[in-house]
Amino acid sequence: MTQDFGDRHAAAVAPLLRIEGLSVRFGGIVALDGVGFDVAAGQVCGLIGPNGAGKSTLFNCLSRLYGWQAGRIEFAGRALDTLPRHRMAALGIGRTFQNLALFTSMTVRENVRVGTHTHQHAGFLRDALRLPGVRRLEEEAEARTEEFIALLDLGAVADRRVADLPFGTQKRVELARALAARPRLLLLDEPACGLNHEELEGLGDLILALRARLGLTVLLVEHHMGLVMRVSDKVVALNFGRKIAEGTPEAVRRHPEVIRAYLGDDGAAEPALEVRQHARAA
Ligand SMILES: Nc1ncnc2c1ncn2[C@@H]1O[C@H](COP(=O)(O)OP(=O)(O)OP(=O)(O)O)[C@@H](O)[C@H]1O
């Protein structure tokens, strides 16, 4: 069912994200080698590949944390490298991090509130003098903070310090903060990593519900193949910095190069894909 959604969108809408011939080198290491693919507005696109394939490098390019030696990234029709780095969130690209990037001594509510700041500029003088308009912006930000606290089911812990919460809850806080900035494209970096079985069950539904409710486009880096297969409209597979497959989750899962990349040439059975991901996440 997700697949139909993705295909219809891919045909009908110009891509929100277009990556063309992207190459990144670190000294002698080629982290990305001419990678290109599109993500249509409203799609969930899974990005998979073994360790060192180049997934994080690609995310870091999309966040403008890394530069690239060749190629082009277009977001909503604009070349990304022409925009200042600090404008990424305002432009509509949000992300979560594999190892979380929260203010751990602050409360959940304070962390989510930080996400709303992207859209909250009344101007220096108006802020300083607290002119009319500033109060309205503050009220809007407070309302949005509460909206995402409720959406991510964080109400019961909203006044707790982030450092005192379990890892799975901290991940929801980070997601709430990213969403509070109202991204059009959300980059999720291994959202399943470190979650317990119950949390993992809910994560797929949550991603799909957020996409439906907020009209999000999602690029998902994930080693948990079950999750990728369930929520993705399409999947792109990388290995050694090259794109080795792109297509429906089922087609990519069965692609010979993908199987080889994960399992080597010894021809182990395909379901071992799952086993390897679980082993890594554990
Ligand atoms: N800042 C950096 N400096 C030097 N080499 C880097 C840097 N970032 C990534 N690399 C190298 O680029 C290659 C791709 O790494 P990357 O982290 O993008 O892979 P990945 O697919 O995200 O792996 P993982 O699944 O383990 O997170 C690796 O060989 C890595 O060592």
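In the predicted model described here, helix H6 passes helix H7 in a right-handed crossing, where a crossing counts as right-handed if the near helix is turned clockwise from the far one, and as left-handed if it is turned anticlockwise, by less than a right angle. Helices (H or I, at least four residues) and strands (E, at least two) are DSSP runs numbered from the N terminus. Residues are numbered from 1 along each chain as its sequence is written. Because the model is predicted, local features need pLDDT of at least 70 and side-chain atom pairs count only at pLDDT 80 or more, whereas totals for chains, interfaces and linings use all residues.

Two packed helices are described by the angle between their axes and the distance between the axes. Helix H6 (residues 134-151) and helix H7 (residues 167-180) pack at an angle of about 140°, with their axes 9 Å apart; axes are lines fitted to C-alpha atoms, for helices over the stretch in contact, and angles run from 0 to 180 degrees between N-to-C directions. H6 is therefore oblique to H7, given that angles under 35 degrees count as roughly parallel, over 145 as roughly antiparallel, 65 to 115 as roughly perpendicular and the rest as oblique. Arg144, Thr145, Phe148 and Ile149 of H6 make the contact with Ala176, Leu179 and Ala180 of H7, two residues being in contact if their C-beta atoms, placed from the backbone, lie within 7 Å. By class, this contact has five nonpolar, one polar and one charged residues; Ala, Val, Leu, Ile, Met, Phe, Trp, Tyr, Cys and Pro count as nonpolar, Asp, Glu, Lys and Arg as charged, and the others, Gly among them, as polar.

Helix H4 (residues 108-116) packs with H6 at an angle of about 120°, with the axes 9 Å apart, and H4 and H6 are therefore oblique to each other. H4 passes H6 in a right-handed crossing, and the contact is made by Val108, Arg109, Val112, Arg113 and Thr116 of H4 and by Ala141, Arg144, Thr145, Phe148 and Ile149 of H6. Five nonpolar, two polar and three charged residues form this contact.

The axes of H4 and H7 come within 6 Å and cross at roughly 30°, so H4 and H7 are roughly parallel to each other; their crossing is right-handed. In this pair, Val108, Asn111, Val112, Val114, Gly115 and Thr116 of H4 meet Val173, Ala176, Arg177, Ala178 and Ala180 of H7, and the residues of the contact divide into seven nonpolar, three polar and one charged.

The domain assignment gives domain 1 (2-92 + 183-281) and domain 2 (105-181), with bounds that come from an automatic or database assignment. Domain 1 gives 10 residues to the contact and domain 2 gives seven. On the side of domain 1 that touches domain 2, helix H3 (88-91) and helix H8 (197-214) are the elements that give two or more residues, and this side has seven nonpolar, two polar and one charged residues.

The ligand is surrounded by Phe26, Ile29, Ala31, Gly49, Asn51, Gly52, Ala53, Gly54, Lys55, Ser56 and Thr57, a residue being near a molecule if its C-beta atom, placed from the backbone, lies within 6 Å of it. Strand S2 (29-40) and helix H2 (55-62) are the elements that give two or more residues to this shell, and H2 supplies the largest share, three residues. The residues of the shell divide into four nonpolar, six polar and one charged.
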